[in-house]
Amino acid sequence: MIKNIHQLDKAIEDVKKKYSNKILDIREADSEHIIQIEPAILLEITQDLKNAGYNQLSFVTAVDNNDKFALVYGIFSTYGKDGILLKVDIPRDKPEIGSVTSIWPAANWHEREVFDLFGIDFTDHPDLRRIFLPGDWEGHPLRKDFTHPNMVRRPDHY
Amino acid sequence: MLRTEDIQINMGPQHPATHGVLRLELKIDGEVIVEATPHIGYLHRGIEKIAENRTYTQIIPLTDRLDYTVSMVNNWVYASAVEKLAGISVPERAEYIRVIMAELNRIVSHLVTTGVNGMDAGAFTIWFYCIRDRELLWDLFEMVCGARLTHNYIRFGGVSYDLPDGFKEKTVELCEYLRKKTDEYEDLLLKNYIFQKRNKGIGMLSKEDAIAHGVTGPTLRASSVNWDLRKNAPYSIYNRFDFEVPLGESGDNWDRAKVRLDEIRQSIRIIRQALNSMPGGEFKTPGVPRTLKPEPGEAYSRIEGPRGEYGVYVVSDGSAKPLRWKFRSAGFSNISVLPLILKGLKIPDAALVIGALDPCFGEVDR
């Protein structure tokens with residue numbers, strides 16, 4: 001099956017139809033489609049996207065908006081130049097979501113990084129432990145409420 | 001009664017052959033590696049957390065220190081993401097200057113890696129030859145921005161200074177010199193019988209494994225996947241230049257070294273074309289404020305660096321500091337395949353494989 005850019009675009013149309021009520025928002029940025037979804041369909045929609053030709057998981061990261069965590073998956077393809085930024089909101093007091101390691105093995109280290117720095121729990125991850133910080137470090141540094149006596153807030157304008 | 005057991009040893013963070021601070025926990029049976037677990041984080045400086053406390057312009061020197069051998073490329077990917085976020089345009093001359101600087105950085109990085117590949121296998125001469133050539137390239141960077149390593153040269157909307165007089169002639173002379181030297185290094189290193197014996201068939205990475213683990217850059221192209229962002233997802237003005245993308249055949253260490261040397265030749269072609277067709281004009285869009293306050297939103301931008309795909313994801317909440325700043329580093333994904341490809345190799349081969357995958361721990365650990 002020859003995969004090309006038109007088939008990648010068609011994949012976006014297909015998932016739009018299939019998950020119509022669980023997709024909260026789709027918009028186009030410069031060369032990425034930004035898709036906001038509900039957490040429940042993460043594993044299915046990523047499997048459909050992988051089958052359609054999006055075979056590169058470039059990064060997994062999170063943003064701490066003060067009332068929730070927004071997970072961002074950067075999904076790209078070696079068949080075309082467009083990509084997808086898949087965004088999932090999860091509540092701050094119970095931060096957990098399914099792991100996509102079974103779909104893209106690259107997610108292994110990226111999800112460990114998000115666990116290390118944000119404290120988000122990835123269920124079914126084969127090896128969830130800290131990757132940058134020592135194993136006995138307490139706290140999750142990239143959260144907005146993480147403080148340390150050495151941290152000094154710099155002025156907001158110059 | 002005689003019995004054997006596996007020994008667990010540490011190829012620790014301080015080691016002359018791991019090219020940075022990497023701890024490899026090896027389980028060995030005699031001299032053969034049975035299992036390898038990499039541990040990283042020894043150079044973690046919390047740059048992403050620091051960036052949440054700096055204005056957008058103050059983050060540019062921070063990006064220098066990520067992949068510290070190729071500062072121009074790091075600066076460029078960050079500036080490109082913020083330009084998307086804030087809608088700043090870049091004049092033609094600045095695009096050409098950025099391309100020339102990035103390609104010169106690519107030559108620097110590949111020269112160092114070639115020297116390192118030789119030094120790991122015991123050939124010290126090639127390392128000194130490559131470092132000598134790197135000094136000549138650093139002279140060029142010092143002419144342009146005053147610094148040899150951490151350049152801090154790219155700004156939002158262009159570059160910080162114009163090219164000085166004499167830069168074009170010196171670069172053309174250096175390109176001619178490097179073209180001859182690349183042929184010499186190929187004869188000296190890649191055609192050497194001992195280097196071939198130590199590298200061919202070692203560290204094989206298949207196409208499917210490479211894509212599945214997020215590997216990018218020369219390592220991916222050595223596994224014969226034709227994917228180079230400069231050709232397949234062109235950014236800036238790369239679609240105006242005529243160059244090829246070298247591919248390997250079998251995905252072993254020798255192919256990675258060959259791909260990198262060929263990429264030096266292609267970079268020389270791009271630099272020559274850019275110097276010939278560079279227009280005059282402004283080198284920076286006027287009117288970009290020193291304290292930039294972009295509209296709330298997000299942007300992702302990616303470019304092809306010497307080690308792979310670099311990307312910056314930046315989220316703005318309307319204030320002078322970013323809400324979140326994330327750097328997608330190539331080395332992080334590239335060395336995640338180490339547990340896969342080190343099985344069955346001997347301990348000295350592990351040093352060669354790490355050198356050929358070419359991580360830079362400034363960007364792996366951030």
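Where is the place of B:R366 in chain B?

Mentor: Two remarks on the source come before the reply. This is a predicted model, in which local features need pLDDT of at least 70, side-chain atom pairs count only at pLDDT 80 or more, and totals for chains, interfaces and linings use all residues. Residues are numbered from 1 along each chain as its sequence is written, while chains are lettered from A and ligands numbered from 1 in the order in which they are written.

B:R366 is found in the segment after α15 (361–365) of chain B. Helices (H or I, at least four residues) and strands (E, at least two) are DSSP runs, numbered from the N terminus. The phi of B:R366 is near 50°, a positive value in a residue other than glycine. Why does this deserve attention? Most residues other than glycine have a negative phi. B:R366 is also buried, because 25 other C-beta atoms lie within 10 Å. A residue is buried if 20 or more other C-beta atoms lie within 10 Å of its own, exposed if 12 or fewer, and partly exposed in between, with C-beta atoms placed from the backbone.

A:D124 may be set beside this residue. A:D124 is not a glycine, yet has a positive phi of about 70°. A:D124 belongs to the segment after β7 (121–123) of chain A. A:D124 counts as exposed, because it has 11 C-beta neighbours inside 10 Å. Thus B:R366 is buried, whereas A:D124 is exposed.
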